Amino acid sequence: MPDATSATTEPSRLYRWIVLVVLSVSMGGNYYIYDSINPLERIFIERLGFSATEFGWLNASYSVAAVLTLLIGGIIIDRIGTKKSIMLFAVLCFLGAILTMAQGKAEVMIAGRTVLGLGAESMIVAVTTAIAKWFRGKALSFAFGINLTIARLASVAADNSPTWAKSAFYPQGPAAPPSWRGPLLVAVGAGALTVVTALLYWALESKAEQRYELGKEGATDKLDFHQVFRFDLSYWFVVGLCFTFYSAIFPFRTFAIDFFTNKIIARDGGTAASEAFRILAHERAGFFNSLLPLSAMIATPLFGLLSDKLGQRATFMVFGSMLLMPVYLMMAYSKVSLFVPVSLMGIAFSLIPAVMWPSVAYIVEQSRLGTAYALMTLFQQIGFFILNLLIGRANDYAKAGLDNPGGYAPGMWIFSALGFIGLTLAILLRVRELGPHGHGLETITTASSPA
């Protein structure tokens, strides 16, 4: 316990931002492990005999484990404290990366991704709640944006790993078959970084507890189902938008590099394309997929800062949902450059999270914030589970691939339907927030918030 005479001041701005960076880097290692398989779908199919459905199970199993863990993750945080919890979850992420790399068998890799899911999402909940505790009333949306910027740098690195880590993909040269294990070894290194930075945060929080007055551990509340039905309707609209938006983004990213690669090859050579061009197409596909987290790195904190200054959070969510609706059908049917729909998706991917997550802190009281974030993340993971399997089965059913690039269209229609549902929920949220039961999402700015 901190001394009563010493714990009378808040941490300095510099201290808070150091904490934010350390937490964000730790979360970035988590992100890299998750996204490290994105460039590997075709390699797994051709080298290890995977089907698209089995590849979908790599992330679906993660989501099943995440849902189960989120039911008790808040309890663990509540019992052993934030710093110990983040450390525990970071170690699980590291072990998951090791197990995924251990053998080239679907069941072993699925087990590894399951272990990853046991730690990753609960770690994100703990980090998210910690940031809300350190920055509430102090440019919270901007802090969330910086957190996502740093973490998504890891996603950009994972998507572009065929370019910067070419020796891991082709250890025997580009003429030889690609390696499935080399890229996963890089992910193990990212897991080690997650553990190291989690340990550093432990030290920072321990020091702050001795010198400063921090928020109570109640900010990392457990997922209490007795409170579930007490949340306001605005919160449930945000949860519904979270479910549809992220279900349309992250499962798409699971399969996007294979889709982009085959679309590029089909348009510029087809099955007669040379091996060198296929490698180049794979690298370009990774670049296009990385535009989503790359744009979010730059724009999310700016959108967060804008919403802090202007309010209008529900309006921003409506606009972001409108941008997302047409992009999948554009990619499936039009001949426009992939840069156009991916850029639109990148803006939506930057805008909606920048206002959606901090909006919960305005709708839900501080003592229930951990429960609110855990429940929101739980629904998000249910969406990931359903969509990863659904899209994998759709691609297998339609025999999607280089010989049949049109086979990706059913999956694109599914994603488009989610975009329409998300837009509907965003409009309903805005209508409610403009009425007598609003929480100030459209009006609260940093000028009107407590310092």
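Hi everyone, let's start with asparagine 160, which is buried, with a relative accessible area of 15%. The cut-off for buried is under 20%, so 15% falls on the buried side. Please keep in mind that we are looking at a predicted model.

Where does asparagine 160 sit? Find the loop between helix 6, residues 140-159, and helix 7, residues 161-164, and you have it. Now look at what its side chain does. At 3.0 Å, that side chain reaches the backbone oxygen of valine 156. There is also a polar contact of 2.7 Å between the side chains of asparagine 160 and serine 290. If we set aside neighbours within four places in sequence, asparagine 160 is in contact with Gly286, Phe287 and Ser290.

Most residues other than glycine have a negative phi. Glutamine 312 is not a glycine, yet its phi is positive, about 55 degrees. You will find glutamine 312 in the loop between helix 12 (275-310) and helix 13 (313-324). Lysine 399 also has a positive phi of about 55 degrees, and it is not a glycine either. Lysine 399 belongs to the loop between helix 16 (369-397) and helix 17 (409-433).

Are these two buried or exposed? Glutamine 312 is partly exposed, with a relative accessible area of 33%.

How does helix 11 pack against helix 16? Helix 11, residues 233-267, meets helix 16 at an angle of about 40 degrees, and the axes are 8 Å apart. The two helices are therefore oblique to each other. Their crossing is right-handed. In this contact the residues divide into 18 nonpolar, seven polar and no charged.

Helix 5, residues 106-135, packs on helix 16 too, at about 145 degrees and with axes 10 Å apart. This crossing is right-handed as well. From helix 5, the contact uses Glu121, Val125, Thr128, Thr129 and Ala132. From helix 16, it uses Leu369, Gly370, Tyr373, Ala374, Thr377, Gln380 and Gln381.

Methods. Residues numbered from 1 in each chain as written. Predicted model: local features only at pLDDT ≥ 70, side-chain atom pairs only at ≥ 80, totals over all residues. Heavy atoms only, no water. Helix = DSSP H or I, 4+ residues; strand = E, 2+ residues; numbered from the N terminus. Buried < 20%, exposed > 50% of the residue type's maximum accessible area, 1.4 Å probe, protein only. Polar contact = N/O pair within 3.5 Å; in protein donor to acceptor, adjacent residues only side chain to side chain. Contact = heavy atoms within 4.5 Å. Axes fitted to C-alpha atoms, helices over the stretch in contact; angles between N-to-C directions. Parallel < 35°, antiparallel > 145°, perpendicular 65-115°, else oblique. Left-handed = near helix turned anticlockwise from the far one by under 90°. Nonpolar A, V, L, I, M, F, W, Y, C, P; charged D, E, K, R; others polar.
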